[in-house]
Amino acid sequence: MDEVTFKSDTVLSDVHLYTPNQRHLMVRLNSMGQPVFLSQFKLLWNQDSQIDSGTEGGDYRDDPTEGNSAGTGSPQPPPGSGCSSEGVSLQTGADTTGQEGAGVQLDEDGDLDVLRRPRAASDPDPAWPPRDKVHPMILTQEEDDVLGDKAQESSTHTVIKIEHTMATPLEDVGKQVWRGALFLADYILFQWDLFQGRTVLELGAGTGFTSIIAATVAQTVYCTDLLAMCQRNIALNSHLIAPGGSVVKVRELDWLKDDLCTDPAVPFSWSEKDISDLYDHTTILLAAEVFYDEDLTNALFKTLVQLAHRLKNACVAILSVEKRLNFTLSHLDVTCEAYDHFHASLHQLEKLQDGQLRFSVERVEAAFPQRLVYERIQQLELWKIFMEPVS
């Protein structure tokens with residue numbers, strides 16, 4: 001297979017688009033007939049100064065050659081991992097030099113001026129794999145794992161393996177890995193103490209990437225969304241989860257329904273013990289890059305409020321979102337409708353007064369270091385919603 005051509009009605013995550021070609025390994029077709037790929041993501045456990053927050057722009061293409069001691073609040077490898085900061089290579093790279101921020105650039109005629117990235121193929125001797133094309137390698141069950149001998153050279157506890165699809169219709173975007181999930185995962189790895197020994201619930205987990213990261217430190221993680229895919233990826237990463245004694249439970253949680261599914265005949269349904277543990281011990285809720293549709297955003301915020309009233313402890317929801325600029329025919333202009341609706345929902349929630357709970361909203365500055373390599377653009381945002389009983 002020399003080249004893949006994606007249809008115009010599909011959406012492709014930048015995480016997959018910019019991944020080096022040799023990392024796109026097609027392993028099977030899912031039940032919908034979509035190709036399933038296997039990618040690996042490497043954790044940089046003690047590389048504080050090697051990769052910064054990215055807010056000022058920078059080049060993440062150079063492999064670090066020296067380890068650095070972790071700073072305050074920086075995580076150590078999970079118990080029993082035996083991770084070393086030396087010799088850890090980067091899984092992906094992205095040049096963010098020259099990021100212009102969220103401002104819209106117009107040419108002299110007032111038209112949208114789109115800045116194009118130079119094609120790496122134009123360089124006869126590029127220093128990094130081309131970013132503009134994807135050349136999957138097709139694996140068969142008889143072949144050995146060709147994720148690379150390099151992956152086996154370092155500890156397996158530095159590698160996260162994720163099965164995902166690419167170039168899906170909008171309704172299936174959860175089957176891809178998005179920058180917001182990596183952004184939230186970075187925050188979890190930085191705020192190690194906040195998640196230590198906690199019970200965590202992720203809404204809209206997609207591939208389960210963020211839940212897997214959370215399970216390296218939390219005691220219990222409830223992972224809800226694309227159930228079969230989440231279960232598969234959790235099994236692929238038991239080497240990260242098992243050493244710390246964490247438990248990850250994949251469960252169904254429909255934002256459009258008021259109650260949890262308890263029918264034992266339904267796969268991934270909730271037991272009474274699960275529900276009791278969820279309501280008695282959960283203190284952290286997570287959601288990464290799920291705010292791309294107004295109806296789904298409304299349903300998620302409704303679910304957050306319902307859960308906050310049922311949980312016995314005060315809790316915090318940590319949400320990641322990316323501000324995406326789109327030209328719409330309805331406005332004949334560049335807009336950020338999904339992002340604007342998300343912000344409106346935050347303000348509306350903060351004003352909510354029901355006499356039982358108080359909601360406060362706080363934006364998290366993107367000043368924490370990167371433990372995963374991706375293009376951390378300025379349009380990535382992290383928000384906290386504190387949900388506490390009224391005194």
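User: What makes the meeting of the R363 and E381 side chains a salt bridge?

Analyst: The rule asks for a side-chain nitrogen of Lys or Arg within 4 Å of a carboxyl oxygen of Asp or Glu. Here the N to O distance is 3.7 Å, so the pair passes the 4 Å limit. Before we go on: this is a predicted model, so local features need pLDDT of at least 70 and side-chain atom pairs count only at pLDDT 80 or more, while totals for chains, interfaces and linings use all residues. Residues are numbered from 1 along each chain as its sequence is written, and side-chain values use heavy atoms, with hydrogens and water left out.

User: Why does the R363 and E381 pair tie together parts of the chain?

Analyst: R363 sits in strand β12 (residues 357-364) and E381 in strand β13 (residues 380-389), so the bridge connects parts that are 18 residues apart in sequence. Those strand names come from DSSP: helices (H or I, at least four residues) and strands (E, at least two) are runs, numbered from the N terminus. The chain comes to ten helices and 13 strands.

User: Why is E381 called buried while R363 is called partly exposed?

Analyst: Buried means under 20% relative accessible area, exposed means over 50%, and partly exposed is in between (1.4 Å probe, protein chains only). E381 has 6%, so buried it is. R363 has 38%, so it lands in the middle class. Of the 391 residues of the chain, 51% count as buried.

User: How many salt bridges are there by this rule?

Analyst: The count is 16. One of them joins E163 and R232, with 3.2 Å from N to O. E163 belongs to strand β4 (residues 159-164) and R232 to helix α6, so this bridge ties together parts 69 residues apart in sequence. E163, at 4% relative accessible area, is buried, whereas R232, at 40%, is partly exposed. Another bridge pairs D274 with R251, whose closest N and O atoms are 2.9 Å apart. D274 is in helix α8 (residues 272-281) and R251 in the loop between β7 and α8, 23 residues away. Both D274 and R251 are buried.

User: What makes F327, L329 and L332 a nonpolar patch?

Analyst: Patches are made of residues with over 30% relative accessible area and no salt bridge; like charges are joined within 9 Å, and nonpolar side chains (Val, Leu, Ile, Met, Phe, Trp, Tyr) within 5 Å. Take L329: its relative accessibility is 71%, so it counts as exposed. L329 lies in the loop between β10 (326-328) and β11 (333-335). Together F327, L329 and L332 have about 390 Å² of accessible area, worked out with the Shrake-Rupley method and a 1.4 Å probe, where for residues only the protein chains shown count as cover.

User: Which residues of the largest nonpolar core touch the most other members?

Analyst: A nonpolar core is a set of buried Ala, Val, Leu, Ile, Met, Phe, Trp, Tyr and Cys residues joined through side-chain atoms within 4.5 Å. The largest one has 47 residues, and F41, I160, F209, L286 and I318 touch the most other members. Helix α3 (residues 179-190) gives the largest share, eight residues. A second, separate core has 37 residues, including W255, L304, A308 and V321.

User: Why is T224 called buried, and which residues does T224 touch?

Analyst: T224 has 0% relative accessibility, so it falls in the buried class. T224 lies in the loop between β6 (220-223) and α6 (227-236). Contact means heavy atoms within 4.5 Å. Not counting residues up to four places away in sequence, the partners of T224 include L201, E202, R251 and W270.
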